[in-house]
Amino acid sequence: MKDFFRAAVQFDSNVVEVKEYGNGNINSTFLVSLDSCEDKKFIIQRINTSVFPQPELIMKNMRIISEHINGRLNVESIEIGRRWEMPQILLTREGQDHWVDQNSSFWRAISFIENSESFESINNPGLATEAGYALGLFHYLLSDLPVNKLSDTLKGFHITPLYLRHYNEVQGKGKVKKTPEVSYCMKFIEDRSTWAHVLENARSQNKLSNRTIHGDPKVNNILIDNNSGQAVSIVDLDTVKPGLIHYDIGDCLRSGCNVLGEETDSWEGVEFETDLCESILKGYHSIASQFLAKEDNDYIYDAARLLAFELGLRFFTDYLEGNVYFKTVHPEHNLQRALVQFKLTESIESRAELINAIIRDLK
Ligand code: ADP
Ligand code: GN1
Ligand code: MG
């Protein structure tokens, strides 16, 4: 019996089919179908414990945020006037929120968000507005949760200066051949290494402060209802933790405004679409304006630029290190992904004036 099938039956004995699902770069995700008259499904995931060394903290955070959000929606009766669901933790038949197999793999199950789909990239303003709204709603619903209630599931996540430090260590070992693409990436990073502290500097100067963040709100983690076209959920809650909401805003923008998507091999054609940027930010602000401070808008442009740059830096470092972090399908995969993010960063830089005008008009 395959390990994922054995894991699925820990959560329900009526499993008929388990198949790989989604395109995540970190965990392994499977869709489980149950033997029942109804079309019942759930999701199981093998958490990547080299990335998340304490997966039980993820489960604890998930419980805290689910209770908080359910409380706000059901007890406080905040009326959002649309479908919105959080993936629920499912228990094993023994009543545990996870199962560890004989290879020490950590498995958890969550409810399947029915009748929805996610997109690897988006190319229309309506979807972009929905992606922004989903992130805004998530931030809004958690904006009154004391940030110290959550554990840090992934130390150093989105602290760009730490990624730079790690890059310098890895790069010093000089393991790969200096092709023109490799040299381009190295120069690209060097030219931006001082600026790359921008959000951490803002935090140390108390211009920005920690709140509850999603950590990974790229567009394929936002689920869109098949019928209404509206966002219904935001999944992949492993990196929900204290941090700057700018990491999230930047990540949503860098993933939502790149029509070619982060997996394209036509990296030279990658552009940051400012129309989509406007839609995402309008969707976000339509709800987030309730808790945003004036200073928050001052760093939105930097956030988009930084998160694209940071992801390029992370992909490139992983390439130099021999592909130890992100799942890859060929040896140059992380190099190709890095080039995409650096081209995107360049496009953001060349459209700075327009992006800043969009941000100004939000006020
Ligand atoms: P990873 O951490 O590897 O990215 P995710 O939690 O994002 O894993 O899951 C991978 C993909 O599976 C998501 O991008 C989403 O499309 C889909 N997915 C995950 N959880 C659910 C769910 N509860 N309901 C429906 N789809 C889901
Ligand atoms: C990873 O797991 P997934 O595919 O949703 C990564 C994100 C990156 C993203 C790039 C925990 O997200 O930080 O932005 O790949 N998650 C982690 O696609 O490192
Ligand atoms: Mg994901």
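A salt bridge here is a side-chain nitrogen of Lys or Arg within 4 Å of a carboxyl oxygen of Asp or Glu. This is a predicted model, where local features need pLDDT of at least 70 and side-chain atom pairs count only at pLDDT 80 or more, while totals for chains, interfaces and linings use all residues. Residues are numbered from 1 along each chain as its sequence is written, and side-chain values use heavy atoms, leaving out hydrogens and water.

**View 1. Where domain 1 meets domain 2.** An automatic or database domain assignment gives domain 1 (3-57 + 85-113) and domain 2 (125-362). Look for 17 residues of domain 1 touching 21 of domain 2, where contact means heavy atoms within 4.5 Å. About 1,500 Å² is buried between them; that's the accessible area (1.4 Å probe) the two parts lose on being put together, summed over both. Asn 25, Phe 52 and Leu 57 supply 39% of what domain 1 buries against domain 2.

**View 2. The salt bridge between Arg 108 and Asp 238.** The closest N and O atoms sit 2.9 Å apart, and the count between the two domains is 1 salt bridge. Asp 238 is in the loop between strands E10 (231-234) and E11 (241-243), and Arg 108 is in strand E6 (residues 106-111), so this pair ties together parts 130 residues apart in sequence. Strands (E, at least two residues) and helices (H or I, at least four) are DSSP runs, numbered from the N terminus.

**View 3. A pair within helix H5.** Lys 187 and Asp 191 meet in a salt bridge (2.8 Å, N to O). They're 4 residues apart, about one turn of the helix.

Terms used: Chains lettered and ligands numbered in written order.
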